[in-house]
Amino acid sequence: MPAPERRKADRAGEAEATASARRALVLRLKRIEGQLRGIQSMIEADADCEAIAQQMSAARKALDKTYFELAACAIAHPRFAAAPPAPDRAGERPGERLLRITRTLAKYA
């Protein structure tokens, strides 16, 4: 396969992987939303506090996992290093950006 066609195929594969990751993230968030609605129902139904706490813990863990997957996706994304910095971070180099994201992960872990 000639180089231009190979690059085009690579970009198509990257786009498909990104779309798949996006769909998976949205589905995970919808499941978490369902968990939260269930917790609301439990509270309204005056369910046992321990059972509510257990469900809240599970929802929090699911949300934490989703956050880490999103951060990992941002780091692993092929355009991560080439992406321009946010306007408030002008002059930030990719290594600095990675360090900032790492600090953010550690802060919320």
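**Exercise 1. Work out which residues T66 touches, leaving aside its neighbours within four places in sequence, and whether T66 is buried or exposed.**

Before you start: this is a predicted model, so local features need pLDDT of at least 70, side-chain atom pairs count only at pLDDT 80 or more, and totals for chains, interfaces and linings use all residues. Residues are numbered from 1 along each chain as its sequence is written, and side-chain values use heavy atoms, with hydrogens and water left out.

Step 1. Look for contacts, meaning heavy atoms within 4.5 Å. With those sequence neighbours set aside, T66 is in contact with L25, R28, L29 and I32.

Step 2. Check the accessibility. T66 comes out at 4%, so it counts as buried (under 20% relative accessible area is buried, over 50% exposed, and in between partly exposed, with a 1.4 Å probe and protein chains only).

**Exercise 2. Now take A62: which residues does it touch, not counting residues up to four places away in sequence?**

Step 1. A62 is another helix 2 residue. Its relative accessible area is 19%, so A62 is buried.

Step 2. With those sequence neighbours left out, A62 touches R28, I32 and Q35.

Step 3. G34 lies in helix 1 and is partly exposed at 41% relative accessible area.

**Exercise 3. What joins the side chains of R28 and E69?**

Step 1. Start from R28, which sits in helix 1. Beyond four places in sequence, R28 is in contact with A62, K65, T66 and E69.

Step 2. Check E69 from that list for polar atoms. The side chains of R28 and E69 are joined by a polar contact of 3.3 Å (a pair of N or O atoms within 3.5 Å; within protein, one must be able to donate a hydrogen and the other to accept it, and residues adjacent in sequence count only if both atoms are side-chain atoms).

**Exercise 4. How many aromatic pairs are there?**

Step 1. Apply the rule: rings of Phe, Tyr and Trp (its six-membered ring) pair if their centres lie within 6.5 Å; planes under 30 degrees apart are stacked, over 60 edge-to-face, and the rest tilted.

Step 2. The count comes to one aromatic pair. Y67 and F68 have ring centres 5.4 Å apart and planes at 65°, so this is an edge-to-face pair.

Step 3. Y67 is partly exposed at 30% relative accessible area, and F68 is partly exposed at 34%.

**Exercise 5. Which residue has a positive phi although it is not a glycine?**

Step 1. Go to the loop between helix 1 (3-44) and helix 2 (49-76), where D46 is found.

Step 2. The phi of D46 is about 60°. D46 is also exposed, with a relative accessible area of 68%.

**Exercise 6. Which helix gives the most to the lining of the largest pocket?**

Step 1. A pocket, on a 1 Å grid over the protein atoms alone, is an open set of points where a 1.4 Å probe fits, with protein on both sides within 12 Å along at least five of seven lines; lining residues have an atom within 4 Å of a point.

Step 2. The lining has 11 residues, with A21, R22, L25, L70 and C73 lying nearest the pocket's centre.

Step 3. Helix 1 and helix 2 each supply at least two lining residues, but helix 1 gives the most, with six.

**Exercise 7. How many helices and strands does the chain have?**

The tally is three helices and zero strands, in the order α-α-α along the sequence. Of the 109 residues, 12% are buried. Among contacts between residues at least 6 apart in sequence, 51% join residues at least 24 apart.

How values were computed
Helix = DSSP H or I, 4+ residues; strand = E, 2+ residues; numbered from the N terminus.
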